[in-house]
Every structure is written in C-alpha cells, then in structure tokens.
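Reader: I have a structure open and would like to learn how to read it. Could you walk me through a few features?

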Amino acid sequence: MITALLMGLGSQVQAAELDLPPRPSAALGGVEFARSLADLPLEAREAKILVEFERGNVPRFLRTLVPVSVTTEQAKATYYVTPDYLAIGSDDDYVLVPMTPFTAQKLADRLDCVLPTPKMVDDIYAAAAIKLSPSPIPPTPAMTTVPVFIQHNETVRGQRKGMPLGALIAGHKKDVVIASRLFATPGKVAIYGWHKREDGRPIQPLFTGHVASWVDYSHGIRLIQRRLTVNGEVATVDDVLADPALAPLLSHDGKMTRSRYEFTAFPAEPGVKPQPQPQSFEAAPGETNEEFRLEPGVRIVINRPDAGSEKPVLLVYYALPNGATIEQTIGKATKPGDDWHFDIQHIGAQTRFLREKLKDRTLVVAYLENDLKSWPAWRKTYGDKTIAKILDTVQGRFDPTRTRVVFNGHSGGGSLIFGYLNGLETIPDAVERIAFLDSDYGYETDRHRDKLAVWLRASDSHVLCVLAYNDAVALLNGKTFVSAAGGTWGRSQLMQADLERSFPFQKRLTDGMHRITALDGRVTFFLKENPEKKIFHTVQVERNGFIESLLSGTRLDEVGYSYFGDRAYSPFIRAD
C-alpha cells in the first residue's frame, strides 16, 4: 500500500518555501492595508486580500516553512507548515489576516498547500517553539470587523515582543480546519484550537456551527505544504488522508476522502438574502466574462481577454445607458426579430478594436447594470454612499500597483460617474481617464469643476473626454425634449467654460463638429451642431464614440478610425 502510494513522486520534498513573488518595494504596511479594508463589504474585502497575497505583500519570515514530524506505530511523516498564521505586510509591520474558508482555500490551492486537520493543529502546537496564551475579546457584533482584527493583532504582537520571527508559533489563534464532520455539513466553516499553555488543550473544540462567511478576530489561516515525506519517501497530504493505514498520521478521524473546502460561489453573509443570479451568457472566443451581483440591485460583468494577463490592466467601468441590458450594450450581429438595442452601441466590438491598438495594456471592461435600468433612478433610491464600495469590489480583483482606471458611460450612465465623484474629496490618481458619452446631464459647477481641475492638473496621465451634440434643438415627435441648459449640449458647454477658468483651450470647427481641447489634448470636448434637429444620442456611441473616448489625446487618436465616421469595428462584431 505504502509503496504504491509513493511511486512516481520521487524521494525529496522541494524546498520548503511559499511560492510567492518578492514583496513590492511600494507595498503597504500591514496596518495601513488592514485599515483600507475597514469599510469594504466582505466579498470585496476578501478579493482585495487575495490580490495582496498574490502580489507578494507577505512578511519575509512567513515564507520559509517549518517542519513538523509525527509518528504512529506504522509510519513516520514530516510535513511543512507556515511558522505563523497568514499575514500581510513586512517583518516590521504585519497584520495576521482572518479570512473565510473560500478565500483561504483559493490561496492554499494557488500555493500548492492544504489547510490543517484538528490533529495537525494539535501536533503543530506541540512542536511550536513559541507557545502564546489565547487572548479572547468579549463577544460583540464588532468581533467580525477589521478594527477588532487590528486590535487583536496588536495584542498578539505585544505578547510575542522580543521573540524570534520565523520560529514556529502557536496558541494565539483558532485554526480554520478541514474535518470529516465539516464535509457532512456543507456551507459551514470548521474551526479548532486556541490551546491553553497550562495543559495544552484547546479552548475551542472542533466546531462547525458557523456559516462559511463567518470570520472573526480569533480565526487564523495556517497553510501546510501539500507534499510531505512518509518513511522518507514523498507523498501528498491528500493521498495520506485517503489511506486507512496512513491517515492516523494526520487525522483523528482516520481515513478522509476529501481534503479541501468546495465552493461554487462566495458564501452568502449571515442575514443577507442571496440574490438570484441571472443566466450567464457565453463570452466571445478569446474572452472571459465574470458575472456577479452586489447589493443594492447591481449586476456586473467583467469582460477580459484570455491572453495578456502579464501586462498592466486598464480597467474601464462602463455604466450602462437607461433601459439597456449588458448583453444589448455588448452587442452582436443581429438577425430578423432581434431587439434593436443589440445594434446601437457595440461596446464589445469597439473593445476588440481597441485591444488591437492598445498592445501594452490588458483592456478590461466592467459593465455596470442595475435592476431599475436607470442610474439616475438608482441613485435617487439608494444614494451615492455605496457606489465606491461597489467599485472597490470590482477593482479588488486586480493588482492595484498594475491597474489604472477609466470611468465611462453613456446616457444615464454618466449619473453613476457623478455619484462616485460626489463621494470623494479628490479624484484618485489611479483614475486615468473620465469619459462622458453624451452623458454629462448631472454636471454641477459647485460640485465638480474644482475636483476635475485639480485632478487634471495633478498628472499628465489624466484625461477628460466629453462627447455631446446639440440636443436642445433636437425634435421628438415634432417637439423639443430637453432644455437649452439641461441637456448634454448645455451641460458640456458649462463644463468647458468652467474648466477654461483653469486652462486655455483651442477651438476648431470642422463640418459642424466643434473640437475644443486643452492641456495638449488631455481635455477634449466634441460638440456636434445639429441644424437638421435630429437625435444623435446613441449615434455618437455607435460611430466609434467608445473608441474615441479611450484614445482621445493619445498618439492613436483617429488612427484607423474617425469619430462620427463609419463603424471601424464592424469586423469585430460577433454573432450569438
């Protein structure tokens, strides 16, 4: 049995080191990073934690694993464990990070590790060179919040002051574990440990009563390298647990046929009713769609190319126009009987055109839809406070040091952009471009002029692009439908005049199109005259408007296309 198990694995375990990139020189310290999580919803918080680990913001001492040896009458095994619970930061400034089993399992999988069993927790405690006493905090609703995580971290750091980093330490956290009882109760988290120094017994027996989204300050994540040695030969934790003769080396339960948490989606939070998931639609060849929902009533699809993941990311938030779905906004080659909305924006095809041009970036588009099919109505119902949290959930899926952001939207989608700006003192430097595709109805001098001017002045990489037409004279059923001041023609002229107080503009009129620019093209207003009194609201997007909104002011501006010209992206339109 043992011989069959070990065949083909060789006779040496690889160097006991976590396979992580070097810690970036500009990475946040542990406490500062933890504070940045405080206001995020759980899923966004954990997405940001996962990204931070993947980019290597991990203390040096935590990377080198420590051996733990165990024996039974039949066998001896040595496995390798992280010397402490997982933490973010540096050796001088780190924070132990509690997390759900969903995120812990993802991280374990990526590092070729497993989570411990209760027996392994016992054996790790017995082998620990440093044994700390548990430091419980009286239970309150705050025990699941980041400020309490930071408070408990400070307590633990105080306990171990002067003790060597990198030595095996235990006793100060409960472990998130795997166990046979857990697999009989899906959707739960198993916790165990917090051993007392007096007798070495755990305060917390094996407990599977919490839902999988429960995370409190006492939880810790310790990883175990998947490969170990048994009687001097290499095996895996999974295979040892599945072998009735060898399983007692690692498990109080004997044989275990499962050795990991299984989730199809992020676990729902306690007291939060899960939202029904819309039917996902298939991405075009060479692309991936990630679809999810966030409260209150927001549907998000992140479209990214399959190739180019090693390049810096340009993340475009595209806020949908009133009345449109994400599928209609992406667009497709239509056939008789299809809804006309599928053939008026084609953001999917315009994105593919742009990916051919932007070779040094990975262009990702996050489509933002809401259940009311109107961002002005959504903001009136829910306000502006949750917008930043929703966007942080999206941005948390990307490495912040390699990601730049674009805000873009058509029609009522511009309302989301202004709602976001309303919640800020200053626009973040990571916002590289803001574009309004006939969507700046919500512009207000007092609320937005100075923020935009300060942001534009702060960096030569910051770009503003505004597309509008004279909607004040456009006729619908023989009547005008917006006022001279209230439509995008009036709002855009007001925005341009406001910014002209800060920057000199150059103005050019060609074939009825005013092109008004400042800061060497970093600010561009395209204002189309309308002597025929037509409605060009969506036509501006259709005629390469999304392409122009991403390329204005760059060396690629109007290379291979022209704004308000024929569709340059037609070869990139896909069928169903």
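Reader: Let's start with glutamine 345: is it buried or exposed?

Author: Keep in mind that this is a predicted model. Glutamine 345 has a relative accessible area of 2%, and buried means under 20%, so this residue counts as buried.

Reader: Which residues does glutamine 345 touch?

Author: Leaving out residues up to four places away in sequence, its contacts include Pro321, Thr329, His410, Val541 and Tyr569. Tyr318 is also one of them, and there the two side chains make a polar contact of 2.9 Å.

Reader: His410 brings me to strands. How do I read the two faces of one?

Author: In a regular strand the side chains alternate between the two faces of the sheet. Now try strand S19, residues 403-410. On one side are Thr403, Val405, Phe407 and Gly409, and on the other Arg404, Val406, Asn408 and His410.

Reader: What are the strand partners of S19?

Author: Strand S17 (residues 313-319) runs parallel to S19 and is joined to it by seven bridges. Here leucine 314 stands opposite arginine 404. S19 also pairs with strand S20 (residues 431-437), again in the parallel sense, over six bridges. In that pairing, glycine 409 has phenylalanine 436 as its bridge partner.

Reader: How does the chain get from S19 to S20?

Author: Follow the chain through helix H13 (residues 413-422), which makes a right-handed β-α-β crossover.

Reader: Now a helix, please. Which residues of H11 are buried?

Author: In helix H11 (residues 375-382), Trp375, Trp378 and Arg379 are buried. These residues lie on the same side of H11, because they cover an arc of only 95 degrees around the axis.

Reader: What covers the buried residues of H11?

Author: The cover includes strand S16 (298-305), S17, strand S18 (362-370), helix H12 (387-395) and H13.

Methods: Residues are numbered from 1 along each chain as its sequence is written. This is a predicted model: local features need pLDDT of at least 70, side-chain atom pairs count only at pLDDT 80 or more; totals for chains, interfaces and linings use all residues. Side-chain values use heavy atoms; hydrogens and water are left out. Buried means under 20% relative accessible area, exposed over 50%, partly exposed in between (1.4 Å probe, protein chains only). Helices (H or I, at least four residues) and strands (E, at least two) are DSSP runs, numbered from the N terminus. Two strands pair if DSSP finds at least two bridges between them. A crossover is right-handed if, with the strands pointing away from the viewer, the path from the first strand over the helix to the second runs clockwise. A polar contact is a pair of N or O atoms within 3.5 Å; within protein, one must be able to donate a hydrogen and the other to accept it, and residues adjacent in sequence count only if both atoms are side-chain atoms. Contact means heavy atoms within 4.5 Å. The arc is that of the directions from the helix axis to the C-beta atoms.
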